[in-house]
Amino acid sequence: MDALSGAGPRRARCSLGAASPGARAAAAPWARFSAWLECVCVVTFDLELGQALELVYPSDFRLTDKEKSSICYLSFPDSHSGCLGDTQFSFRIRQCSGQRSPWHAEDRHYNSGAPMSLQREPAHYFGYVYFRQVKDSSVQRGYFQKSLVLVSRLPFVRLFQALLSLIAPEYFSKPAPCLEAVCSEIDEWPAPVPGQTLNLPVMGVVLQVHIPSRVDKPEYSPPKPCSHENLLPAPVILTSVHELDLFRCFQPVLTHVQTLWELMLLGEPLVVLAPSPAMSSELVLALISCLQPLKFCCDYRPYFTIHDSEFKEFTTRTQAPPNVVLGVTNPFFIKTLQHWPHILRVGEPKMAGEVGLSFAQGAWGAGAQGPEGSELWRVELGTEVQHWVCSVGDLPKQVKLKKPSRLKTLDTKPGLYTAYSAHLHRDKALLKRLLKGLQKKKPWDTQTALLRRHLLELTQSFIIPLEHYMASLMPLQKNITAWKTPPQIRPFRQDDFLRSLEHAGPQLTCVLKGDWLGLYRRFFKSPHFDGWYRQRHKEMAQKLEALHLEAICEAQNIETWMKDKSEVEVVDLVLKLREKLVQAQGRQLPVKEATLQRAQLYIETVIGSLPKDLQAVLCPP
């Protein structure tokens with residue numbers, strides 16, 4: 001399974017075939033490449049081994065046997081999918097403990113400016129797959145089966161799908177030279193910097209992308225092209241590095257979008273059973289994006305198989321189902337995960353011998369216009385591009401809400417199988433607007449913008465009261481003085497918060513009626529409340545430390561303060577100031593540069609007032 005081969009693309013800088021473990025840390029020749037990707041893998045089908053890892057690029061990148069096995073199994077569609085032709089999908093695997101590359105130290109710089117939901121994964125890898133299966137009489141099995149996989153810790157699904165659609169077709173016809181050239185080109189890309197628009201050349205095409213920043217307005221709008229550069233060839237502008245076409249992903253479940261939003265908000269275990277990895281992975285990623293700008297704090301697997309190393313962990317009946325969203329294609333999971341509280345089945349179950357269909361619409365945008373009164377979607381059928389048409393007069397066929405007791409057989413029909421009752425009333429106005437958009441033949445990206453804005457406003461309406469209450473727990477700035485320990489952030493009291501909703505609740509910004517109090521009470525028990533609270537408390541504690549540092553630096557009487565203080569108290573001040581300075585310089589405290597300079601001057605002044613022996617201890621040569 002781990003037969004590795006291939007020469008490195010940049011021999012002058014690094015001998016990829018025989019690199020010592022410390023060589024990469026010393027020279028870091030792949031620093032720019034690794035700012036985007038961890039490695040590129042090629043997975044093929046071996047008659048004796050099954051799925052086998054044919055190539056890892058750069059070849060000195062270390063994957064554990066467990067990670068190699070996971071990548072191999074997850075890079076091929078399940079046999080039930082029957083995917084012929086070209087298919088793109090994604091997966092997410094747990095990174096084995098102890099694995100840290102030299103460039104991971106740069107994560108803090110990127111993460112400090114990136115939205116919470118787009119920060120680099122510290123403990124998981126994303127796998128972006130381009131799988132090809134075509135008839136080939138020259139192969140003993142009768143089929144050419146191979147996957148090109150980009151492994152990254154960045155959740156840039158749209159960017160990497162677009163990159164694969166350029167690389168993979170060329171690679172399958174010219175393997176080695178193509179991959180070498182592409183890796184060398186990626187190693188010349190600028191690092192992803194939040195807030196910047198970058199031009200990324202690859203294979204004669206320039207991809208222009210905007211890297212989202214946490215200060216960007218969280219609303220759907222494509223980036224403006226860089227007009228100051230006259231690029232030849234003209235760049236291909238990706239409207240987003242990560243956002244999927246929500247309307248396309250949610251078309252079978254539009255009437256249940258709010259119920260699914262609540263399930264995601266509460267971190268409920270959910271299985272998504274779809275006909276293909278492309279469908280399952282896109283729907284799972286669409287579901288977790290529902291909560292933006294709130295970070296999704298639970299585990300999720302866009303594509304999961306029975307061969308996964310965590311299969312037993314997720315399917316055990318000896319404990320409650322974990323807070324995971326699983327995307328699967330094997331109907332066997334209906335029986336195995338029958339005890340899970342929520343199962344969403346989309347797409348008609350395939351009959352034995354039926355040829356599988358897979359979406360080929362991919363990363364480049366919405367479907368083309370079809371016949372009069374219809375939208376056209378490209379679908380792969382064998383090696384030929386086929387089409388299916390959905391009527392524009394009505395919403396696409398919707399799955400039904402069903403009780404879990406109906407979930408008994410492997411041929412269970414599409415539906416959302418759950419006993420959960422939504423706390424909020426369904427937004428009928430949204431469905432009417434989506435239906436009107438279909439009737440007027442509005443572009444699907446317009447429909448997606450409407451749906452995304454609705455979900456964003458719903459999440460913001462829910463979070464704003466929590467943010468306001470949390471802000472009220474912060475000590476007043478007038479109570480933060482230079483020579484006293486800063487006051488503590490007051491504790492979050494759930495009952496106090498719930499009482500505050502009467503005059504400062506979500507009804508101020510959202511027209512939806514329902515049991516908001518019940519939804520908040522369940523939210524308090526979810527991993528998302530814990531994740532949100534910890535992050536906000538951390539940010540507030542850092543702000544408190546920054547305000548305290550500013551108060552010290554603005555004090556004009558440090559010499560007066562030191563007159564009646566013991567050496568122990570003075571040394572303690574030096575150590576605390578240094579700690580705050582280190583935190584601030586590491587961008588962990590939001591302070592101005594002038595404050596940092598003044599703090600450094602104060603440290604020097606205080607140390608200069610101490611005896612020579614203490615000065616030698618605090619400032620060793």
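Helix α5, spanning residues 157-173, contains 17 residues and extends 24 Å from its first C-alpha to its last, close to the 24 Å expected at 1.5 Å a residue; the expected span is 1.5 Å times one less than the number of residues in the helix. Helices (H or I, at least four residues) and strands (E, at least two) are DSSP runs, numbered from the N terminus. This is a predicted model in which local features need pLDDT of at least 70 and side-chain atom pairs count only at pLDDT 80 or more, while totals for chains, interfaces and linings use all residues. Residues are numbered from 1 along each chain as its sequence is written, and side-chain values use heavy atoms, with hydrogens and water left out.

Because 12 of its 17 residues are buried, α5 is largely enclosed by the rest of the structure, where buried means under 20% relative accessible area, exposed over 50%, and partly exposed in between (1.4 Å probe, protein chains only).

In α3 (65-74), the buried residues are Glu67, Lys68, Ser70, Ile71, Cys72 and Leu74. Their cover includes the strands β1 (39-46), β2, β3 (85-94), β4 (124-135) and β5 (143-152), with contact meaning heavy atoms within 4.5 Å.

### Backbone exceptions in loops

Most residues other than glycine have a negative phi, and most peptide bonds are trans.

| Site | Backbone value | Loop |
|---|---|---|
| Tyrosine 57 to proline 58 | cis, omega near -5 degrees | proline 58 between β2 (50-57) and α3 (65-74) |
| Glutamine 292 to proline 293 | cis, omega about 10 degrees | proline 293 between α9 (277-289) and β10 (299-301) |
| Methionine 203 | positive phi, about 55 degrees | between β6 (197-202) and β7 (205-210) |
| Lysine 441 | positive phi, about 60 degrees | between α12 (428-439) and α13 (444-472) |

Methionine 203 is partly exposed, with a relative accessible area of 30%, and lysine 441 also counts as partly exposed, at 36% relative accessibility.

### The α12 and α13 pair

Lysine 441 lies in the loop between α12 and α13, and the axes of these two helices come within 10 Å and cross at roughly 170 degrees. Axes here are lines fitted to C-alpha atoms, for helices over the stretch in contact, and angles run from 0 to 180 degrees between N-to-C directions. The two helices are therefore roughly antiparallel to each other, given that angles under 35 degrees count as roughly parallel, over 145 as roughly antiparallel, 65 to 115 as roughly perpendicular and the rest as oblique. On the α12 side, Leu430, Arg433, Leu434, Gly437 and Leu438 meet Trp444, Gln447, Leu450, Leu451, Arg453 and His454 of α13. By class, this contact of α12 with α13 has six nonpolar, three polar and two charged residues, with Ala, Val, Leu, Ile, Met, Phe, Trp, Tyr, Cys and Pro counted as nonpolar, Asp, Glu, Lys and Arg as charged, and the others, Gly among them, as polar.

### Cysteine 249

Cysteine 249 lies in helix α7 (residues 246-250) and counts as buried at 9% relative accessibility. Leaving aside residues up to four places away in sequence, cysteine 249 touches Leu244, Glu282, Leu283 and Ala286. Cysteine 249 and leucine 287 are 38 residues apart in sequence and 9.0 Å apart in space, C-alpha to C-alpha.
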